[in-house]
Amino acid sequence: MLNISLPNYKKISVAEKKFRQQNFDIFKKNGFPIRKDENWKFTNIKEKIENSFSNLNFLHKKNKNIREKLLKEFKHSSIFLQDGDLTKINIQIADKKKIKIKNLKFSDIKKQRSLNTLGILNNAFFSGGFVISIKQNADLKYPLIFYNNFSKKLNNCGLNKKYIFNFLKNSSANIVFVNNDFSEGNYFLNQNSNYNLDTNAKINFFNIYLRNNSINYSSVTANINQDASLKFINILSNTLFLKKDFFTNLNEKNSNCEIYSNAILKKNEHFELQTVMSHLAPYCTSYQKVKKVLEDDAKGVYQGKIYVKKNAQKTDAYQLSKAILLNNETEFDAKPELEIYADDVKCSHGSSSGNLDENAIFYLMSRGLDRKQATNLLIEGFFRDIAETINHTEIKKYLIKIIEKKANEIR
Amino acid sequence: MLEIKNLKASINKKEILKGLNLNIKAGEVHAIMGPNGSGKSTLANVLSGKKDYDVKGSVIFEKEDLLELPIEERSRKGLFLAFQYPVEIPGVSTSNFLRTTLNSIRKSKSQKELSALDFLKLVKEKSAELNIDEKFLSRPLNVGFSGGEKKKNEILQMKLIQPKLAVLDETDSGLDIDALKIVANGVNTYKNKSNAFLIITHYQRLLNYIKPDFVHVLSNGQIIKSGCMELAEDLEKTGYQKYTNA
C-alpha cells in the first residue's frame, strides 16, 4: 500500500498551511481515482501508481544542472523549466514589455470548482510552477517557447505543478510548449494548467511531447471570453503513461476553441485524451480533431464531451476522432458524448478506427515503395492535415518535420 | 519482355483467369479488349502483385519469375500499372508522393536520388507535356481530382518512372475527348523500341489514338482471339457476343 503524507512545509503562511491540510484530508478520504468513476474508466492510474511506487516523495530537490539547448529552426523567446520550475527566461527585445512571468505563489491560486482528486492532490502538494501574463493589446512578434525539461535523476518522486497563462484583452501569441523528459521514468507528474483568454485574445498553443517517461496526469482548464479564440495543437509520441484532460469553457459569446491532437503510441504506451467542451454562451464555435496511430500493444483513449447550455443558442460544435490500429494487440476506446440543452445548435461528432487502407498500400507499393515506406507515407498523410491549420510558417515547418520523423519511426 | 503461360487466378475460390497465354516483346503495343467481368482488371492486378488472389501458372518478365517478386520489386524492375481507379490519399501531396516514389525506384537501381530542385524541374517539364496545372502538384494525391486529372496523373507517373512495360487499366474510362488525346499523346511520346504497352480497354476509342500492334479478346478468363487493329474495329461494330458465344 502506498503511503503518502503531507510534508512539514516551512516558511508558509497559516492560510496556505490550512489550504494544503484541507486538500490533503479530502485526498486521503478519496484516494486516487478508480475505474468506477466514468472519467477514469479507461485509465487505471491508481493501479499504475501503486504498482510503480512504494513511496512517493513530494519534496524533491531542485536540479541545478539545467539543460539549455535551444531550437535553431526559428527566432523565438525562450523560457526554461526544469522539473516544472522556472530556471531561465530570455525574451526577445521586441516582446520584452509585453510579457510578465513569475514563479507561482499561493496567492495566485484561485479556487476551482469541481476538482477531481488529482486536482485536490495537486493543491495539497503543489511545489511551484509559474504565472505568465501577456499584456493587453500585446501582439507577440516572436513565438514563445517553453522548454519543459525533466532531469535524468528523477526517481520515486511526485511533482505537482501549476501553470497559469493569462492572455489579456486583445493580446495574441504563438506559444510552443516542448516537453522533453530525460529521466528513466518512475516518477509521478501531476500538472494543472489554466489558460485564461480575455476578450478578443487570439492564442495558438502548440504542445509537443518529444519524450515523456513519467506517470502523468495533466489537466488544462481553458476559460475563453468574448470574441477570444484558442487553437490548441497537441503532438505526442514516446509517451509512457498520460491522461490529459482538457476542460474548455466558452464563457462569453462569439468565443472559439479548436483542439487538434496527433498521437503515435507504441509498445505498452498509454494515452488518454479527455475533452469537455462547454458551450456556455451563444454564438460560440468549437472544432476538435483527434487522431491516433497505435502500434504493438499500445492503448489509446478518447473521451470527448460537448456540453451546450440552454442559453448557448447558435452553437456550432464539431468533434472527430480517428484511429489507425497497426496490429491486433492495440486497443482504442472512444466515448463521444453530446449533452445539449439549447434548441438552435449545430453539433456533430464522428469516430472511426481501423487498419490502414490496403488499397492505398497496394497503390503506393505498385509505385516502388516497400511496405514500410508506404505505411510511413500514409501515416504522415493521416497527420498532415493538422499542419495545414497553422498560419505561422516556421512553426508549421517545424511541426511537419516532427510529424515526418515520428511517422518514419513506425515499423 | 513478358511471357504469360497458362495463368490462372482465383479470388475467394472463384476462378477468374482460366489459363491465359500472352507474349509481349519490346517495342510492341498490345491491347486487351473484353466485356465486363472477363478478367481484364484481374490480369492487371495479378501482374502487379495485388494480394487476395490465388495465382497459378507462370509469368516471366525480363527473364525473371514475376510471380515470385513482391509488389514493389515488380515496379522497380520496370513494370507499371496505371490504375483504373487511382486511390485517393489524403494528406500526402502529389509532389511529395512523386518524389518519394521516383527516388525509391532510383535508389533500387543504385542511381542518385534527385534533389528537390532537379525533381521540381523534371516534374514541371513532364506535367507541361500532359497539360497538367502546376497547382495540382501541391494538392493531396488524387483527392478531389476529376476523372481526367486522375488518369493524367497516372500517365505523369509513368513518364517519370519510365517503366519497361506499362499496363494501362481502362485508362480511357472517364475521359473526355480532349483528355483522351492528351493521355494518348503522353503514351505515344513515351513509346519506343525498348519498352512495351499492355492496354486494357472496353472500347476501340483509345486505340484510334494509340495504335496497337496486337489486339486480343479476353473472355471468361482466356484470350479467345488475337489479331490486329481490324479485330478492334470489328468488335466495335459487332460487339463481343459473336466471340464470346463461339
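How many bridges join strand E4 (residues 54-61) of chain B to E5(B), and do they run parallel or antiparallel? I looked this up first.

**Conventions.** I am working on a predicted model, where local features need pLDDT of at least 70, side-chain atom pairs count only at pLDDT 80 or more, and totals for chains, interfaces and linings use all residues. Residues are numbered from 1 along each chain as its sequence is written, while chains are lettered from A and ligands numbered from 1 in the order in which they are written.

I found two bridges between E4(B) and E5(B), and the strands run antiparallel. Helices (H or I, at least four residues) and strands (E, at least two) are DSSP runs, numbered from the N terminus. Two strands pair if DSSP finds at least two bridges between them. In E5(B), I noted B:Asp65 as the bridge partner of B:Ile60.

I then traced the sheet these strands belong to. It is open, has four strands in the order E2-E1-E4-E5 (chain B), and pairs antiparallel. Strands E2 (14-24) and E5 (64-65) of chain B are at the edges; each has a single partner strand, so one side of each lacks a neighbour in the sheet. Helix H1 (residues 40-48) of chain B packs on this sheet and touches E1 (2-11), E2 and E4 of chain B. Contact here puts C-beta atoms, placed from the backbone, within 7 Å. The direction of H1(B) makes about 75° with that of E2(B). For angles, axes are lines fitted to C-alpha atoms, for helices over the stretch in contact, and values run from 0 to 180 degrees between N-to-C directions.

**Entry 2, six-stranded sheet.** I read the order as E6-E7-E8-E3-E9-E10 (chain B), an open sheet with mixed pairing. E6 (79-82) and E10 (222-227) of chain B stand at the edges with a single partner strand each, so one side of each has no neighbour in the sheet. Neighbouring strands are turned by 20° against each other on average, direction ignored.

I checked E3 (residues 29-33) against E8 (residues 196-201) of chain B: five bridges, running parallel. B:Met33 has B:Thr201 as its bridge partner in E8(B).

Next, the helices. H5 (residues 147-161) of chain B lies across E6 and E7 (165-169), at about 165° to E6(B). H7 (residues 229-238) of chain B lies across E3, E9 (214-219) and E10, at about 45° to E9(B).

I found 19 residues of chain B in contact with 18 residues of chain A. H2 (71-76) and H3 (94-108) of chain B each supply at least two residues of the chain B side. H3(B) gives the most, with five residues.

Notes: Two residues are in contact if their C-beta atoms, placed from the backbone, lie within 7 Å.
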